[in-house]
Number of protein chains: 2
Amino acid sequence: MVPPLRYEDGALLVLDQRLLPAEVSWLRCESAAQVAEAIRTLAVRGAPAIGLAAAHGLALGMREPSADLEAVAALLLATRPTAVNLRWALERGRAAWRAARDDGRAGADTLLELARQLERDQLDADRRLSELGAACLPGAARVLTHCNTGPLATGGYGTAVGVLRAAHAGGRLRQAWVSETRPLLQGARLTAWELAHEGIPFRVVTDASAGALMARGAVDAVVVGADRVARNGDVANKIGTYPLAVLARRHELPFYVAAPVSTLDPGTASGDQIPIEERDAGEVLELFGRRVAPEGAGAYNAAFDVTPAELVSAVFTEAGVLEPPYERSIAGAVGG
Amino acid sequence: MVPPLRYEDGALLVLDQRLLPAEVSWLRCESAAQVAEAIRTLAVRGAPAIGLAAAHGLALGMREPSADLEAVAALLLATRPTAVNLRWALERGRAAWRAARDDGRAGADTLLELARQLERDQLDADRRLSELGAACLPGAARVLTHCNTGPLATGGYGTAVGVLRAAHAGGRLRQAWVSETRPLLQGARLTAWELAHEGIPFRVVTDASAGALMARGAVDAVVVGADRVARNGDVANKIGTYPLAVLARRHELPFYVAAPVSTLDPGTASGDQIPIEERDAGEVLELFGRRVAPEGAGAYNAAFDVTPAELVSAVFTEAGVLEPPYERSIAGAVGG
């Protein structure tokens with residue numbers, strides 16, 4: 001698998017995911033501003049991966065002798081509002097910086113070491129939650145997933161795609177259904193690319209196809225990632241996730257969320273408190289730079305929706321499989 | 001509004017809807033085979049409009065002195081399996097042909113006159129069902145619709161789009177939400193084009209956005225068209241319709257179907273008897289001829305799904321607003 005981030009020769013190389021799968025191209029980021037731009041423009045995306053990118057961005061930014069920790073962190077935090085991993089990684093960075101300064105160590109070196117440690121931690125967390133999640137699936141499972149939650153999205157083994165990988169490795173996966181994930185097609189472009197690389201059988205469907213697949217009995221479970229899980233278990237994730245959860249409930253199918261503990265946000269009481277990013281209408285109205293809708297047409301382009309906790313069968317984390325009541329299980333996972 | 005079909009100088013001119021809204025281009029069809037190709041390749045689409053095209057195709061085909069009625073009808077019927085209007089129009093044509101022969105009239109002329117009569121009937125039916133439907137909407141309604149059901153799809157005033165037009169004309173429409181309708185984007189391309197032409201306020205959304213819009217309280221009703229309504233009220237329509245009905249139920253919103261009586265099929269007992277067209281995977285995996293998914297990826301591309309009658313609040317037809325129990329109300333509409 002190709003990783004989304006590589007640190008080399010004093011720079012963060014960011015795989016430009018906007019060009020995949022047609023082109024494998026790396027952006028060289030030597031400053032926090034360049035990393036922020038890569039996050040903002042979705043060259044790197046996926047809640048855990050943007051957390052790791054932000055950690056590297058902080059390290060790069062603080063190499064400047066005159067740099068201000070809070071200003072650099074604010075620059076990175078302002079890139080995208082919904083994924084809590086961004087804030088989480090920056091808070092880890094702030095704490096590491098202060099600890100280093102208290103000890104008289106070089107802050108920038110400490111931040112780079114932290115970013116590398118977070119990458120190793122992410123891989124461990126992904127593997128663990130993927131194993132736990134795969135064990136929850138029925139045998140010969142046909143699993144529907146949404147958006148991209150593989151190594152490209154996490155910098156590790158993947159979350160929902162990690163569950164598919166672990167299930168495949170354990171002989172428990174019959175087939176993945178990959179919803180294409182409009183407007184930016186992370187399913188068709190990125191998840192398909194990753195699953196093909198792993199030899200996992202899959203087929204792409206439009207986002208509107210899930211109901212028909214479930215009605216035909218062609219889906220055994222839904223597994224998705226998350227950008228933020230509130231204290232009560234409400235889940236913000238790529239738009240289109242909530243309809244999958246509603247359909248899964250109607251068809252009495254399990255709806256699972258796979259997310260590292262860094263995606264849990266006990267500081268947010270419920271889903272209606274989660275800021276939902278609205279992106280440019282052009283993402284909907286144009287494809288490959290070509291206008292689809294007539295001139296003058298407008299679009300509403302929210303990047304995420306919120307799935308209420310009552311529709312979530314379980315949350316797979318590296319701290320265990322969290323089940324309702326989520327207030328308690330999430331508090332235990334974060335505190336543990 | 002630009003009509004989808006025009007009969008001129010002995011030929012059927014078919015507006016090539018695949019090129020809209022970027023280009024207004026007409027295909028000249030002088031034979032049944034050319035009309036069949038226009039239907040099969042979606043140059044003309046929409047259940048009522050393909051019925052009208054087939055009626056014209058039959059008339060064109062039977063101008064050939066040696067033509068066989070059943071062979072020409074079979075050629076046209078084989079183009080697309082789901083919309084029942086195709087079969088309905090061809091049955092009307094067969095009956096007209098036989099009646100003309102019995103009376104010693106020229107069969108081909110009779111078929112052309114029938115096609116023109118069906119066009120007038122469609123306009124009348126659309127207007128009537130649209131008025132009836134608009135009267136069912138709340139005031140200042142924000143209505144979500146799917147795919148394209150305007151004049152381009154019916155050759156008349158439109159069905160679900162007709163309801164929007166009538167509601168707008170009556171001051172009852174605040175805004176339309178237009179789901180883009182992957183894979184062929186009939187919502188973003190065609191419905192947006194028609195609504196813009198009419199000055200109806202609208203915004204385009206991805207198909208996966210409906211849940212988020214409903215959760216925000218931004219939708220008052222869903223109105224869609226139909227390709228076939230079974231005897232029990234189950235509705236086959238563009239894929240993605242069924243999820244909208246499930247979401248509408250969850251949010252306690254009315255889910256309306258707008259369809260002429262020619263779309264009702266009392267000969268089909270229920271939705272699971274309706275043949276669902278599966279189209280080429282390339283429609284999902286490529287956009288504007290550019291590959292989106294990696295080479296080797298497959299797709300499942302069903303063109304329609306089935307919404308169970310229990311999720312349908314009412315069916316707007318020119319014979320009245322049909323309500324449950326649908327076995328009775330549909331039988332009444334078809335027989336009346």
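Reader: What is the relative accessible area of Glu70(A)?
Author: Glu70(A) has a relative accessible area of 38%, and is therefore partly exposed. Here buried means under 20% relative accessible area, exposed means over 50%, and partly exposed lies in between, computed with a 1.4 Å probe on protein chains only.

Reader: What kind of model is this?
Author: This is a predicted model, in which local features need pLDDT of at least 70 and side-chain atom pairs count only at pLDDT 80 or more, while totals for chains, interfaces and linings use all residues. Residues are numbered from 1 along each chain as its sequence is written, chains are lettered from A and ligands numbered from 1 in the order in which they are written, and side-chain values use heavy atoms, with hydrogens and water left out.

Reader: Which residue forms a salt bridge with Glu70(A)?
Author: The partner is Arg94(A), with the closest N and O atoms 2.9 Å apart. A salt bridge is a side-chain nitrogen of Lys or Arg within 4 Å of a carboxyl oxygen of Asp or Glu. Glu70(A) lies in helix α3 (residues 69-77) of chain A and Arg94(A) in helix α4 (residues 85-103) of chain A, so the pair ties together parts that are 24 residues apart in sequence. Helices (H or I, at least four residues) and strands (E, at least two) are DSSP runs, numbered from the N terminus.

Reader: And is Arg94(A) buried or exposed?
Author: Arg94(A) is buried, with a relative accessible area of 19%.

Reader: How many salt bridges does the structure hold over all chains?
Author: The total over all chains is 40. One of them joins Arg80(A) and Glu277(A), at 2.9 Å from N to O. Arg80(A) lies in the loop between α3 and α4 of chain A, and Glu277(A) in the loop between β11 (264-265) and α11 (282-285) of chain A, so this pair ties together parts that are 197 residues apart in sequence. Both Arg80(A) and Glu277(A) are buried.

Reader: Which residues are linked with Arg80(A) in a network of salt bridges?
Author: The network links Arg80(A) with Glu277(A), Arg279(A) and Glu283(A).

Reader: Changing topic, how many residues of chain B are in contact with chain A?
Author: On the side of chain B there are 47, in contact with 47 residues of chain A. Contact means heavy atoms within 4.5 Å. About 4100 Å² is buried between the two chains, and carbon and sulfur atoms give 68% of that area. Buried area is the accessible area (1.4 Å probe) that two parts lose on being put together, summed over both.

Reader: Which residues of chain B lose the most area to chain A?
Author: They are Arg250(B), Phe288(B) and Tyr300(B), which together give 18% of what that side buries.

Reader: How many salt bridges cross the interface of chain B and chain A?
Author: The rule finds four across this interface. In another view of Arg182(B), its salt bridge is with Glu180(A), and the closest N and O atoms are 2.6 Å apart.

Reader: Which element gives the largest share of the side of chain B that touches chain A?
Author: That element is α10(B), with five residues. By class, this side of chain B has 31 nonpolar, six polar and 10 charged residues. Ala, Val, Leu, Ile, Met, Phe, Trp, Tyr, Cys and Pro count as nonpolar, Asp, Glu, Lys and Arg as charged, and the others, Gly among them, as polar.

Reader: Lastly, where is Asp305(B) found?
Author: Asp305(B) is in strand β14 (residues 304-307) of chain B, and is buried, with a relative accessible area of 3%. Beyond its neighbours within four places in sequence, the contacts of Asp305(B) include Ala208(A), Ala212(A) and Gly240(B). Asp305(B) and Gly240(B) are 65 residues apart in sequence, yet 6.9 Å apart in space, C-alpha to C-alpha.
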